[in-house]
Amino acid sequence: MRWLIVKVINLLIVLIAVTYIVAAITSGPMAQLEIDRQRHTLQEAVRHVEGLTPEERQEWVNQRLEAYIKSQGLDKPWYLLALKYTVTLLKFKDLNATTMTTLYFHQGSKKVLYIIAERIPFSILLFTTSSALTILFALPLALYAARRPGGMLDNTIVAWSVFSVSMPWWWLAMVFIYLFSYKWHIFAGPSAQIDWRSPAQVLDRMALPVITVTLLSIGDSAFRMRNILLDTFNEDFVMVARAKGVPERTVLMKHILRAAAPPIVTIVMFSLVLSVVNGAIITELVFNWFGMGRLYWDAISQNDIPVLVELTYITTLLYLLVRFLLDILYTYLDPRIRRA
(Lines give C-alpha, C1' and ligand atoms only; values in the text may rest on other atoms or scores of the structure.)
Protein backbone atom coordinates (compact mmCIF):
# COMPACT_ATOMS: atom_id res chain seq x y z
CA MET A 1 0.00 0.00 0.00
CA ARG A 2 2.90 2.34 0.75
CA TRP A 3 4.23 2.16 -2.81
CA LEU A 4 0.75 3.03 -4.10
CA ILE A 5 0.53 6.14 -1.90
CA VAL A 6 4.01 7.21 -3.03
CA LYS A 7 3.03 6.86 -6.69
CA VAL A 8 -0.16 8.90 -6.16
CA ILE A 9 1.86 11.66 -4.49
CA ASN A 10 4.40 11.63 -7.31
CA LEU A 11 1.60 11.80 -9.88
CA LEU A 12 0.06 14.83 -8.16
CA ILE A 13 3.42 16.58 -7.90
CA VAL A 14 4.15 16.08 -11.60
CA LEU A 15 0.64 17.16 -12.60
CA ILE A 16 0.81 20.35 -10.51
CA ALA A 17 4.32 21.15 -11.73
CA VAL A 18 3.47 20.71 -15.42
CA THR A 19 0.22 22.64 -15.04
CA TYR A 20 2.02 25.50 -13.29
CA ILE A 21 4.65 25.68 -16.05
CA VAL A 22 1.94 25.82 -18.73
CA ALA A 23 0.03 28.43 -16.72
CA ALA A 24 3.20 30.51 -16.20
CA ILE A 25 3.92 30.56 -19.93
CA THR A 26 0.38 31.66 -20.81
CA SER A 27 -0.61 33.70 -17.73
CA GLY A 28 0.01 37.07 -19.40
CA PRO A 29 -2.07 36.43 -22.54
CA MET A 30 -4.78 34.69 -20.48
CA ALA A 31 -5.09 37.67 -18.12
CA GLN A 32 -5.19 40.10 -21.03
CA LEU A 33 -7.95 38.05 -22.66
CA GLU A 34 -10.01 38.26 -19.47
CA ILE A 35 -9.49 42.03 -19.28
CA ASP A 36 -10.43 42.55 -22.94
CA ARG A 37 -13.52 40.38 -22.55
CA GLN A 38 -14.67 42.31 -19.48
CA ARG A 39 -13.97 45.64 -21.19
CA HIS A 40 -16.13 44.60 -24.12
CA THR A 41 -18.92 43.53 -21.75
CA LEU A 42 -18.81 46.88 -19.93
CA GLN A 43 -18.77 48.83 -23.20
CA GLU A 44 -21.89 46.97 -24.27
CA ALA A 45 -23.55 47.62 -20.91
CA VAL A 46 -22.81 51.36 -20.84
CA ARG A 47 -24.66 51.83 -24.10
CA HIS A 48 -27.90 51.27 -22.21
CA VAL A 49 -27.06 53.95 -19.63
CA GLU A 50 -28.68 57.20 -20.63
CA GLY A 51 -27.64 60.79 -19.89
CA LEU A 52 -23.87 60.26 -20.01
CA THR A 53 -21.39 62.05 -22.19
CA PRO A 54 -18.73 60.04 -24.08
CA GLU A 55 -16.14 61.03 -21.45
CA GLU A 56 -18.44 59.93 -18.63
CA ARG A 57 -19.14 56.64 -20.38
CA GLN A 58 -15.41 55.98 -20.72
CA GLU A 59 -14.86 56.86 -17.05
CA TRP A 60 -17.72 54.53 -16.08
CA VAL A 61 -16.07 51.70 -18.01
CA ASN A 62 -12.59 52.40 -16.62
CA GLN A 63 -13.75 52.47 -13.01
CA ARG A 64 -15.59 49.19 -13.22
CA LEU A 65 -12.83 47.56 -15.25
CA GLU A 66 -10.25 48.56 -12.65
CA ALA A 67 -12.44 47.14 -9.88
CA TYR A 68 -12.83 43.89 -11.85
CA ILE A 69 -9.07 43.58 -12.40
CA LYS A 70 -8.38 43.96 -8.69
CA SER A 71 -11.18 41.61 -7.64
CA GLN A 72 -9.92 38.88 -9.99
CA GLY A 73 -6.26 39.44 -9.12
CA LEU A 74 -5.33 40.18 -12.74
CA ASP A 75 -2.92 42.94 -11.69
CA LYS A 76 -0.70 40.55 -9.72
CA PRO A 77 2.79 39.36 -10.80
CA TRP A 78 3.07 36.54 -13.33
CA TYR A 79 3.95 33.87 -10.76
CA LEU A 80 0.77 34.63 -8.78
CA LEU A 81 -1.28 34.71 -11.98
CA ALA A 82 0.20 31.33 -12.89
CA LEU A 83 -0.90 29.98 -9.50
CA LYS A 84 -4.42 31.34 -10.10
CA TYR A 85 -4.71 29.63 -13.49
CA THR A 86 -3.16 26.43 -12.12
CA VAL A 87 -5.93 26.20 -9.53
CA THR A 88 -8.50 26.99 -12.24
CA LEU A 89 -7.25 24.12 -14.41
CA LEU A 90 -6.92 21.63 -11.55
CA LYS A 91 -10.52 22.31 -10.50
CA PHE A 92 -11.81 22.09 -14.09
CA LYS A 93 -13.35 25.54 -13.78
CA ASP A 94 -14.77 27.08 -16.93
CA LEU A 95 -12.40 28.77 -19.37
CA ASN A 96 -13.87 30.72 -22.25
CA ALA A 97 -12.44 30.35 -25.74
CA THR A 98 -11.35 33.45 -27.61
CA THR A 99 -12.84 32.70 -31.03
CA MET A 100 -13.93 29.05 -31.09
CA THR A 101 -17.43 27.86 -30.20
CA THR A 102 -19.24 24.54 -30.01
CA LEU A 103 -21.07 23.35 -33.09
CA TYR A 104 -23.38 20.65 -31.73
CA PHE A 105 -23.00 20.26 -27.95
CA HIS A 106 -24.50 23.39 -26.33
CA GLN A 107 -24.34 25.01 -29.76
CA GLY A 108 -22.55 28.36 -29.87
CA SER A 109 -21.01 28.04 -26.38
CA LYS A 110 -17.50 29.40 -25.81
CA LYS A 111 -16.82 27.16 -22.81
CA VAL A 112 -13.62 25.25 -23.52
CA LEU A 113 -14.74 22.08 -21.75
CA TYR A 114 -17.81 21.92 -23.99
CA ILE A 115 -15.66 22.50 -27.09
CA ILE A 116 -13.37 19.63 -26.10
CA ALA A 117 -16.22 17.37 -24.99
CA GLU A 118 -17.90 17.41 -28.38
CA ARG A 119 -14.67 16.39 -30.16
CA ILE A 120 -13.52 13.54 -27.88
CA PRO A 121 -16.17 10.99 -29.02
CA PHE A 122 -15.08 11.34 -32.64
CA SER A 123 -11.41 10.77 -31.80
CA ILE A 124 -12.43 7.75 -29.71
CA LEU A 125 -14.50 6.40 -32.57
CA LEU A 126 -11.78 6.77 -35.18
CA PHE A 127 -8.45 6.17 -33.44
CA THR A 128 -9.54 3.77 -30.72
CA THR A 129 -11.22 1.63 -33.37
CA SER A 130 -8.05 1.75 -35.45
CA SER A 131 -5.88 0.91 -32.44
CA ALA A 132 -8.11 -2.00 -31.44
CA LEU A 133 -8.03 -3.43 -34.98
CA THR A 134 -4.26 -2.93 -35.12
CA ILE A 135 -3.74 -4.89 -31.90
CA LEU A 136 -6.20 -7.56 -32.99
CA PHE A 137 -4.14 -8.27 -36.12
CA ALA A 138 -0.66 -7.36 -34.89
CA LEU A 139 -0.48 -9.67 -31.85
CA PRO A 140 -1.20 -12.96 -33.70
CA LEU A 141 1.21 -11.93 -36.47
CA ALA A 142 3.88 -11.12 -33.90
CA LEU A 143 3.39 -14.48 -32.15
CA TYR A 144 3.68 -16.42 -35.39
CA ALA A 145 6.71 -14.44 -36.54
CA ALA A 146 8.49 -14.85 -33.18
CA ARG A 147 8.00 -18.62 -33.30
CA ARG A 148 9.55 -18.76 -36.78
CA PRO A 149 12.23 -16.03 -36.91
CA GLY A 150 13.69 -15.52 -40.36
CA GLY A 151 10.63 -17.01 -42.03
CA MET A 152 8.62 -15.44 -44.80
CA LEU A 153 6.06 -13.85 -42.44
CA ASP A 154 8.82 -12.56 -40.16
CA ASN A 155 10.61 -10.91 -43.09
CA THR A 156 7.32 -9.52 -44.34
CA ILE A 157 6.60 -7.91 -40.96
CA VAL A 158 10.09 -6.36 -40.86
CA ALA A 159 9.63 -4.92 -44.36
CA TRP A 160 6.09 -3.77 -43.50
CA SER A 161 7.40 -1.99 -40.41
CA VAL A 162 10.14 -0.20 -42.36
CA PHE A 163 7.59 0.83 -44.99
CA SER A 164 5.12 2.08 -42.36
CA VAL A 165 7.71 4.16 -40.53
CA SER A 166 9.26 5.55 -43.71
CA MET A 167 6.08 6.27 -45.62
CA PRO A 168 4.51 9.72 -45.01
CA TRP A 169 1.02 8.99 -43.71
CA TRP A 170 -0.49 12.06 -45.30
CA TRP A 171 0.78 11.05 -48.76
CA LEU A 172 -0.60 7.51 -48.58
CA ALA A 173 -3.85 8.89 -47.13
CA MET A 174 -4.19 11.22 -50.11
CA VAL A 175 -3.54 8.30 -52.49
CA PHE A 176 -6.26 6.26 -50.76
CA ILE A 177 -8.65 9.22 -50.89
CA TYR A 178 -8.04 9.63 -54.61
CA LEU A 179 -8.52 5.92 -55.34
CA PHE A 180 -11.33 4.91 -53.00
CA SER A 181 -13.30 8.17 -52.86
CA TYR A 182 -12.90 9.99 -56.15
CA LYS A 183 -11.96 7.29 -58.66
CA TRP A 184 -13.80 4.20 -57.47
CA HIS A 185 -16.42 6.00 -55.29
CA ILE A 186 -16.36 3.32 -52.59
CA PHE A 187 -16.06 5.56 -49.51
CA ALA A 188 -17.10 9.11 -48.71
CA GLY A 189 -14.31 11.62 -49.30
CA PRO A 190 -13.16 14.41 -46.97
CA SER A 191 -14.95 17.04 -49.03
CA ALA A 192 -18.34 15.38 -48.52
CA GLN A 193 -20.60 17.45 -46.27
CA ILE A 194 -22.10 15.31 -43.52
CA ASP A 195 -24.15 15.74 -40.38
CA TRP A 196 -21.83 14.76 -37.52
CA ARG A 197 -24.90 13.89 -35.46
CA SER A 198 -25.88 11.14 -37.90
CA PRO A 199 -24.32 7.76 -36.93
CA ALA A 200 -24.74 6.32 -40.43
CA GLN A 201 -22.97 9.24 -42.11
CA VAL A 202 -20.18 9.27 -39.51
CA LEU A 203 -19.56 5.52 -39.91
CA ASP A 204 -19.44 5.89 -43.68
CA ARG A 205 -17.00 8.77 -43.35
CA MET A 206 -14.71 6.94 -40.88
CA ALA A 207 -14.28 3.76 -42.97
CA LEU A 208 -11.42 5.05 -45.12
CA PRO A 209 -9.45 6.73 -42.27
CA VAL A 210 -9.75 3.56 -40.15
CA ILE A 211 -8.46 1.39 -43.01
CA THR A 212 -5.57 3.77 -43.69
CA VAL A 213 -4.46 4.15 -40.07
CA THR A 214 -4.81 0.43 -39.36
CA LEU A 215 -2.80 -0.66 -42.40
CA LEU A 216 0.00 1.72 -41.54
CA SER A 217 0.02 0.76 -37.86
CA ILE A 218 -0.08 -3.04 -38.05
CA GLY A 219 3.44 -3.44 -39.41
CA ASP A 220 5.19 -1.30 -36.78
CA SER A 221 3.11 -2.67 -33.87
CA ALA A 222 3.65 -6.28 -34.98
CA PHE A 223 7.39 -5.66 -35.33
CA ARG A 224 7.71 -4.21 -31.82
CA MET A 225 5.64 -7.01 -30.29
CA ARG A 226 7.62 -9.58 -32.28
CA ASN A 227 10.89 -8.27 -30.84
CA ILE A 228 9.50 -8.43 -27.29
CA LEU A 229 8.21 -11.98 -27.79
CA LEU A 230 11.40 -13.09 -29.54
CA ASP A 231 13.47 -12.10 -26.52
CA THR A 232 11.06 -13.97 -24.25
CA PHE A 233 11.19 -17.12 -26.39
CA ASN A 234 14.93 -17.31 -25.68
CA GLU A 235 14.64 -16.96 -21.90
CA ASP A 236 15.94 -19.79 -19.72
CA PHE A 237 12.61 -20.44 -17.99
CA VAL A 238 10.97 -21.06 -21.38
CA MET A 239 13.60 -23.61 -22.38
CA VAL A 240 13.32 -25.28 -18.97
CA ALA A 241 9.53 -25.54 -19.32
CA ARG A 242 9.91 -27.11 -22.76
CA ALA A 243 12.58 -29.51 -21.45
CA LYS A 244 10.13 -30.65 -18.78
CA GLY A 245 7.65 -31.56 -21.49
CA VAL A 246 5.17 -28.78 -20.79
CA PRO A 247 2.74 -28.53 -23.73
CA GLU A 248 3.61 -25.76 -26.19
CA ARG A 249 0.25 -24.07 -25.73
CA THR A 250 0.81 -23.89 -21.97
CA VAL A 251 4.33 -22.53 -22.49
CA LEU A 252 2.96 -19.89 -24.82
CA MET A 253 0.06 -18.77 -22.62
CA LYS A 254 1.45 -19.13 -19.09
CA HIS A 255 5.14 -18.44 -19.63
CA ILE A 256 5.83 -16.40 -22.75
CA LEU A 257 2.78 -14.15 -22.92
CA ARG A 258 2.77 -13.60 -19.15
CA ALA A 259 6.42 -12.52 -19.15
CA ALA A 260 6.03 -10.36 -22.27
CA ALA A 261 2.76 -8.80 -21.10
CA PRO A 262 4.09 -5.62 -19.37
CA PRO A 263 5.76 -4.01 -22.42
CA ILE A 264 2.96 -5.16 -24.73
CA VAL A 265 0.33 -3.74 -22.36
CA THR A 266 2.28 -0.47 -22.34
CA ILE A 267 2.12 -0.28 -26.13
CA VAL A 268 -1.60 -1.08 -26.10
CA MET A 269 -2.56 1.34 -23.32
CA PHE A 270 -0.69 4.33 -24.69
CA SER A 271 -1.89 3.73 -28.24
CA LEU A 272 -5.50 3.56 -27.06
CA VAL A 273 -5.62 6.35 -24.49
CA LEU A 274 -3.34 8.92 -26.06
CA SER A 275 -5.14 8.55 -29.38
CA VAL A 276 -8.29 9.73 -27.59
CA VAL A 277 -6.85 13.04 -26.41
CA ASN A 278 -4.35 13.73 -29.15
CA GLY A 279 -6.00 12.25 -32.19
CA ALA A 280 -3.58 12.78 -35.07
CA ILE A 281 -3.39 16.29 -36.44
CA ILE A 282 -2.18 15.45 -39.95
CA THR A 283 -4.50 12.46 -40.36
CA GLU A 284 -7.55 14.40 -39.20
CA LEU A 285 -6.67 17.36 -41.41
CA VAL A 286 -6.24 15.17 -44.49
CA PHE A 287 -9.51 13.33 -43.86
CA ASN A 288 -11.26 16.47 -42.54
CA TRP A 289 -12.24 14.58 -39.38
CA PHE A 290 -14.08 16.33 -36.54
CA GLY A 291 -11.77 15.19 -33.73
CA MET A 292 -9.16 16.27 -31.19
CA GLY A 293 -6.32 16.51 -33.70
CA ARG A 294 -8.36 18.91 -35.83
CA LEU A 295 -9.25 20.85 -32.68
CA TYR A 296 -5.56 21.28 -31.86
CA TRP A 297 -4.91 22.62 -35.34
CA ASP A 298 -7.92 24.96 -35.28
CA ALA A 299 -6.88 26.32 -31.87
CA ILE A 300 -3.33 26.95 -33.10
CA SER A 301 -4.54 28.55 -36.33
CA GLN A 302 -6.94 30.84 -34.47
CA ASN A 303 -4.48 31.52 -31.62
CA ASP A 304 -7.12 30.40 -29.14
CA ILE A 305 -4.90 30.15 -26.05
CA PRO A 306 -7.54 28.96 -23.52
CA VAL A 307 -8.36 25.95 -25.73
CA LEU A 308 -4.68 25.06 -26.13
CA VAL A 309 -4.07 25.38 -22.38
CA GLU A 310 -7.03 23.15 -21.49
CA LEU A 311 -6.05 20.58 -24.12
CA THR A 312 -2.51 20.46 -22.75
CA TYR A 313 -3.77 19.99 -19.21
CA ILE A 314 -6.19 17.19 -20.15
CA THR A 315 -3.49 15.44 -22.18
CA THR A 316 -1.06 15.60 -19.25
CA LEU A 317 -3.68 14.36 -16.81
CA LEU A 318 -4.65 11.34 -18.94
CA TYR A 319 -1.00 10.51 -19.63
CA LEU A 320 -0.23 10.42 -15.91
CA LEU A 321 -3.36 8.38 -15.17
CA VAL A 322 -2.30 5.82 -17.78
CA ARG A 323 1.16 5.62 -16.23
CA PHE A 324 -0.41 5.07 -12.82
CA LEU A 325 -2.74 2.39 -14.17
CA LEU A 326 0.17 0.66 -15.88
CA ASP A 327 2.11 0.58 -12.60
CA ILE A 328 -0.82 -1.21 -10.98
CA LEU A 329 -1.17 -3.65 -13.89
CA TYR A 330 2.57 -4.42 -13.76
CA THR A 331 2.27 -5.62 -10.17
CA TYR A 332 -0.40 -8.08 -11.28
CA LEU A 333 1.37 -9.21 -14.45
CA ASP A 334 4.81 -9.43 -12.85
CA PRO A 335 4.88 -9.77 -9.01
CA ARG A 336 8.67 -9.17 -9.03
CA ILE A 337 7.97 -5.47 -9.68
CA ARG A 338 5.92 -5.17 -6.48
CA ARG A 339 8.57 -6.94 -4.43
CA ALA A 340 11.22 -4.62 -5.82
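A residue is called buried when its relative accessible area is under 20%, exposed when that area is over 50%, and partly exposed in between, using a 1.4 Å probe and protein chains only. The model is predicted, so local features need pLDDT of at least 70 and side-chain atom pairs count only at pLDDT 80 or more, while totals for chains, interfaces and linings use all residues. Residues are numbered from 1 along each chain as its sequence is written, and side-chain values use heavy atoms, with hydrogens and water left out.

**Overall form**

- The protein chain contains 14 helices and 0 strands; helices (H or I, at least four residues) and strands (E, at least two) are DSSP runs, numbered from the N terminus.
- The radius of gyration of the protein chain is 26 Å, well over the 20 Å that the globule rule gives for 340 residues, so the chain is more spread out than a compact globule. The radius is taken over C-alpha atoms, and the rule is 2.2 Å times the number of residues to the power 0.38.
- Along the principal axes, the C-alpha atoms of the protein chain fill a box of roughly 100 × 60 × 30 Å.
- Of the 340 residues of the protein chain, 41% count as buried.
- Among contacts (heavy atoms within 4.5 Å) in the protein chain with a separation of 6 or more, 67% are between residues 24 or more positions apart.

**Helices α1 and α3**

- The axes of helix α1 (residues 2-46) and helix α3 (residues 78-90) come within 7 Å and cross at roughly 110 degrees. This makes α1 roughly perpendicular to α3.
- Axes are lines fitted to C-alpha atoms, for helices over the stretch in contact, and angles run from 0 to 180 degrees between N-to-C directions. Angles under 35 degrees count as roughly parallel, over 145 as roughly antiparallel, 65 to 115 as roughly perpendicular and the rest as oblique.
- Residues making this contact include Leu15, Tyr20 and Met30 of α1, and Trp78, Tyr85 and Leu89 of α3.

**Nonpolar cores**

- A nonpolar core is a set of buried Ala, Val, Leu, Ile, Met, Phe, Trp, Tyr and Cys residues joined through side-chain atoms within 4.5 Å.
- The largest nonpolar core has 38 residues, and those with the most contacts inside it are Leu74, Tyr85, Met100, Ile116, Leu295, Val307 and Leu311.
- Two or more residues of this core come from each of α1, α2 (54-72), α3, α4 (112-117), α12 (292-301) and α13 (305-333). The largest share, 10 residues, is given by α1.
- Apart from this core lies another, of 21 residues, including Ala142, Ala146, Met225 and Ile256.

**Individual residues**

- Threonine 266 lies in helix α10 (residues 248-278) and is buried, with a relative accessible area of 19%. Not counting residues up to four places away in sequence, threonine 266 touches Leu326 and Tyr330.
- Isoleucine 116 is in contact with Met292, Leu295, Glu310, Leu311 and Ile314, leaving aside its neighbours within four places in sequence.
- Most residues other than glycine have a negative phi.
- Histidine 106, in the loop between α3 and α4, has a positive phi of about 50 degrees and counts as partly exposed at 44% relative accessibility.
- Histidine 185, in the loop between α7 (169-183) and α8 (199-233), has a positive phi of about 55 degrees and is exposed, with a relative accessible area of 61%.
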